[in-house]
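Let's walk through this structure together, one piece at a time. Keep the 3D view open and turn it as you read.

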Amino acid sequence: MIVWDEGDTSDKTIVIAIAADSVIEGNESFLVSLTNVGGVAGLDRSANATVIIQETPLERWKYLNFGDLSNSPAAADDANPDGDELTNMEEYFNASDPKSFTVRSELPSVSYFKGYLGMSFRRNLLATDLTYTVQVSDDLETWRDGSTFPGSDPSFDSPDTVTTSRILEGSGEWIGVGDREPSSAGRHFMRLKTVRH
Ligand SMILES: [Ca+2]
Ligand SMILES: [Ca+2]
């Protein structure tokens with residue numbers, strides 16, 4: 001029951017506990033209605049509200065790719081139903097199709113162009129729970145964070161790296177990141193760190 005005292009015009013809050021399940025089934029919703037008003041009060045059209053329970057980004061991606069089979073062993077994080085080099089979780093990181101063979105050219109790669117080291121990778125635009133960071137090292141022991149790409153507010157450039165290209169492709173975005181120091185200045189290494197929050 002929600003009670004407003006006389007003269008009270010403040011907003012009131014209803015807490016509804018939602019028990020999580022582990023079943024992937026797409027978004028779910030339910031309706032909350034205010035009824036049985038007592039005292040001298042009335043309800044306007046805001047008496048009804050629809051609450052939508054969303055899947056996590058990973059569950060949503062699985063639902064898009066596997067549909068009714070989203071809860072099957074083939075859709076497990078470490079499964080590899082298409083027999084390529086990537087588990088489903090890695091396909092999620094890589095914005096590739098978990099149901100068709102992913103070729104090497106679709107994977108992150110490091111190359112050498114006009115005297116500079118560069119990295120190319122594809123990030124998953126649906127994966128708002130992931131952060132991709134290109135890291136640079138001089139000795140393969142100490143790694144410095146370079147360009148970073150969260151779902152919003154990315155930091156394209158860093159003291160070590162600069163973003164050289166961004167190309168949308170389906171639900172992914174190909175990103176090119178280059179080293180700021182020419183390779184002639186000394187040994188440099190690059191790697192891609194992907195963190196799920
Ligand atoms: Ca696979
Ligand atoms: Ca694949």
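Strand β4 (residues 116-124) and strand β8 (residues 172-179) lie side by side and run antiparallel, joined over 7 bridges. A quick word on terms: strands are DSSP runs of E with at least two residues, helices are runs of H or I with at least four, and both are numbered from the N terminus. Two strands count as paired if DSSP finds at least two bridges between them. This is a predicted model, where local features need pLDDT of at least 70 and side-chain atom pairs count only at pLDDT 80 or more, while totals for chains, interfaces and linings use all residues. Residues are numbered from 1 along each chain as its sequence is written, and chains are lettered from A and ligands numbered from 1 in the order in which they are written.

Met 119 has Val 177 of β8 as its bridge partner, and Phe 121 stands opposite Ile 175 in β8. On to the next neighbour: β7 and β8 pair in the antiparallel sense over 8 bridges, with Thr 163 standing opposite Val 177. These two strands make a hairpin with 2 residues between them, and Gly 170 in the turn has a positive phi of about 60 degrees.

Step back, and you'll see an open antiparallel sheet of 4 strands in the order β3-β4-β8-β7. Its edges are β3 (109-113) and β7 (161-169), each pairing on one side only. From one strand to the next, the twist averages 25 degrees (axes are lines fitted to C-alpha atoms, for helices over the stretch in contact, and angles run from 0 to 180 degrees between N-to-C directions).

There's also an open sheet of 3 strands, ordered β6-β5-β9 and antiparallel. Here β6 (143-149) and β9 are the edge strands, and the twist averages 30 degrees from one strand to the next. β5 and β6 are joined by 5 bridges, and Tyr 132 has Phe 149 in β6 as its bridge partner.

So where do Met 119, Phe 121 and Tyr 132 turn up again? They are among the residues with the most contacts inside the largest nonpolar core, which has 16 residues. Such a core is a set of buried Ala, Val, Leu, Ile, Met, Phe, Trp, Tyr and Cys residues joined through C-beta atoms within 7 Å; buried here means 20 or more other C-beta atoms within 10 Å of a residue's own, with C-beta atoms placed from the backbone. α2 (88-94), β4, β5 (130-137), β8 and β9 (189-196) each supply at least two of its residues, and β5 gives the largest share, 4 residues.

Note on methods
A residue is buried if 20 or more other C-beta atoms lie within 10 Å of its own, exposed if 12 or fewer, and partly exposed in between; C-beta atoms are placed from the backbone.
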